[in-house]
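Reader: I am new to protein models and would like to learn how to read one. Could you take me through it feature by feature?

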Amino acid sequence: MSLTSLSSAVAENAPIGTIVALLSAEDKDSGQNGQVKCQIPNKAAFKLETSVRNNWKLLVQHGLDRETIPRYDIVVTCTDAGDPPLTTKKNIRVDVSDVNDNAPRFTQAAYTANVMENNVIGDSIFSLTADDPDTGQNSRLNFTILNSVVTSYVSIDSQNGVIFAQKSFDYEQLKNFQIHVLVRDSGVPPLSSNVTVDVVILDQNDNAPVIVNPLPEHGSTVIETISRFAEPGYLVAKVSAADADSGQNARLTYHVFQATHHHLFTISEDTGEIWTIRGIETKDASNQRLVIVVNDNGIPSLSATVTIVLFMEGSNTISSATSLSKDHMFSPDMNLSLVIALGTTSIIFLLILIILALMVHKNRNGVVRHYSSLNVCCCLESRSSLNGIQTASKSLHLPPNYVEVFGGDPLSQSYRYDSCSTLQSATRDLRTPQTCGLSTTMGYVQKTPIGKENPGMISSENSNFRVNNEVKQPNADWHFSQANR
């Protein structure tokens, strides 16, 4: 048996029936002993056909796939028709050549790249892997970023698929983005595939908490007020803070860092609410200074502080808010001195008012006693008209036994009588201020009419009245009551 022709390699895309090799076999015997028959295994991808007497050709029977079977070893067996038959075998190796019939494939359908923020520019953040089962030029791959919008963020090595950062990422500004990557082989024609890489920026504890409430009005100090009569559990203020980070880096806790009285106030670690632990006592300072610190839960932990100055409402302490924002310590002794000074001034002023009131009351009682000692029982006063008499009557305090008698004509003089009588006497007395008293002893009784009164007071001597002018009789309609007769 001899191999007349053999192809060096058969393309994997060779069509069925393609001649791979030509064989010839010769037996020197004659007759039936010289008849030769050749064959190959039926399961082979090839078949053996007779072309002319004692010549055969090896053909492609099935489609070839280099990626599955890159090489075939075919055993050709030739047997004569003698008895016993003689056999000859020959091994034919057929190589299958590669064709670019496979596109590159990524190891995953999608990728996720986690990148810590504040990364170094130029650092490798991810690496892509693709595979092409072809060989040679057909398996040489080239990587490219399809979406040009992210080329300012990352770049990729076209040969090995390594992705590099083009900038330092900030989680607070950019949390994630996607990269669409294309991989292409170098075959003819080139085949390609693409994949999506989801880049996630991881948060780093690079932001300290920020106090958002209350906002400082005087430098870094916040001024608040609290009633001096606040009871335990009274809500004084609430501190709120924010952290631009996320997760545990943004979890905040509140603590009292410094306080004028550490056992007077407490704060909720979670909400930042400041409460009173006990009631405010007089010995407590009128101005309470609290330093609140806010910590996040990052590693390392970052913090922020706020100073709160609490003014006690209901106290006499007057302080300057500007000076409080500059001073870090309070002076309770000075505040106590101010309270004592104001209290002393108030007490002195009150004593002066009491003394003045006593003096006014004493003078008023002296005037009343002076008029009472006169024991005035009757007065004689001339009036120019009836209107004058009525006006004077309204202004005078008249005793209960006082009687006014008016004349019968408009020009008549008016007289005023005081009836002084006892159970033993029915006589009527006309008394002057010197002779008429409050005692039961009666003075001189004048039974004659009384004369017209002068502008001044009427004088008397030995109970006798002297009237310079002519006496005018009183009105006849006047008379004593039955009881006084």
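This is a predicted model: local features need pLDDT of at least 70, side-chain atom pairs count only at pLDDT 80 or more; totals for chains, interfaces and linings use all residues.

Reader: Which residue forms a salt bridge with Lys283?

Author: That is Glu281, with the closest N and O atoms 3.5 Å apart. Lys283 has a relative accessibility of 66% and therefore counts as exposed, while Glu281, at 35%, is partly exposed.

Reader: Which residues are linked in a network of salt bridges?

Author: Arg66, Glu67 and Asp98 are. Within that trio, Arg66 forms a salt bridge with Glu67, and the closest N and O atoms lie 3.5 Å apart.

Reader: Now for bonds between cysteines. How many disulfides does a search of the whole structure find?

Author: The search finds 1 disulfide. It joins Cys38 to Cys78, with an S to S distance of 1.8 Å. This pair links distant parts of the chain: Cys38 sits in strand 4 (residues 36–39) and Cys78 in strand 7 (residues 71–80), 40 residues apart.

Reader: Why is the disulfide of Cys38 and Cys78 called right-handed?

Author: Look at the torsion about the S-S bond: it is about 105°, so the disulfide is right-handed. Both Cys38 and Cys78 are buried, by the way.

Reader: Let us go to the inside. How do I read a nonpolar core?

Author: Think of buried nonpolar residues joined through their side-chain atoms. The largest nonpolar core here has 27 residues, and those that touch the most other members are Phe106, Leu128, Val154, Phe177, Ile179, Val181 and Val197. Several strands each supply at least two residues of this core, among them strand 10 (110–116), strand 16 (176–185) and strand 17 (192–202). There is also a second, separate core of 24 residues, which includes Ala230, Ala237, Leu264 and Ile280.

Reader: Which residues is Leu128 in contact with, leaving aside its neighbours within four places in sequence?

Author: Its contacts include Phe106, Tyr111, Phe143, Ile156, Val181 and Val197. Asn160 and Gly161 are also among them.

Reader: And where is there a nonpolar patch on the surface?

Author: Look at the residues that form it, including Ile347, Phe349, Leu353, Leu358 and Met359; together the members of the patch have about 1,200 Å² of accessible area. Take Met359 as an example: it is found in helix 2 (residues 332–373). With a relative accessibility of 47%, Met359 counts as partly exposed.

Reader: Next, the backbone. What should I look at in a peptide bond?

Author: Look at the omega angle. Between Asn213 and Pro214 the peptide bond is cis, and omega is about 0°. Pro214 lies in the loop between strand 18 (210–213) and strand 19 (221–227). Another cis peptide bond runs from Ile299 to Pro300, with omega near -5°. Pro300 is placed in the loop between strand 25 (287–296) and strand 26 (303–313).

Reader: What about the phi angle?

Author: Here we pick out positive values in residues other than glycine. Asn54 has a phi near 65° and is one of these; it lies in the loop between strand 5 (46–52) and strand 6 (55–60). Asn118, which is not a glycine either, has a positive phi of about 65° and is found in the loop between strand 10 and strand 11.

Reader: Is each of these buried or partly exposed?

Author: Asn54 has a relative accessible area of 16%, so it is buried. Asn118 has 37%, so it is partly exposed.

Definitions and conventions. Residues are numbered from 1 along each chain as its sequence is written. Side-chain values use heavy atoms; hydrogens and water are left out. A disulfide is a pair of cysteine sulfur atoms within 2.5 Å. Helices (H or I, at least four residues) and strands (E, at least two) are DSSP runs, numbered from the N terminus. Buried means under 20% relative accessible area, exposed over 50%, partly exposed in between (1.4 Å probe, protein chains only). A nonpolar core is a set of buried Ala, Val, Leu, Ile, Met, Phe, Trp, Tyr and Cys residues joined through side-chain atoms within 4.5 Å. Contact means heavy atoms within 4.5 Å. Patches are made of residues with over 30% relative accessible area and no salt bridge: like charges are joined within 9 Å, nonpolar side chains (Val, Leu, Ile, Met, Phe, Trp, Tyr) within 5 Å. Accessible areas come from the Shrake-Rupley method with a 1.4 Å probe; for residues, only the protein chains shown count as cover. A salt bridge is a side-chain nitrogen of Lys or Arg within 4 Å of a carboxyl oxygen of Asp or Glu.
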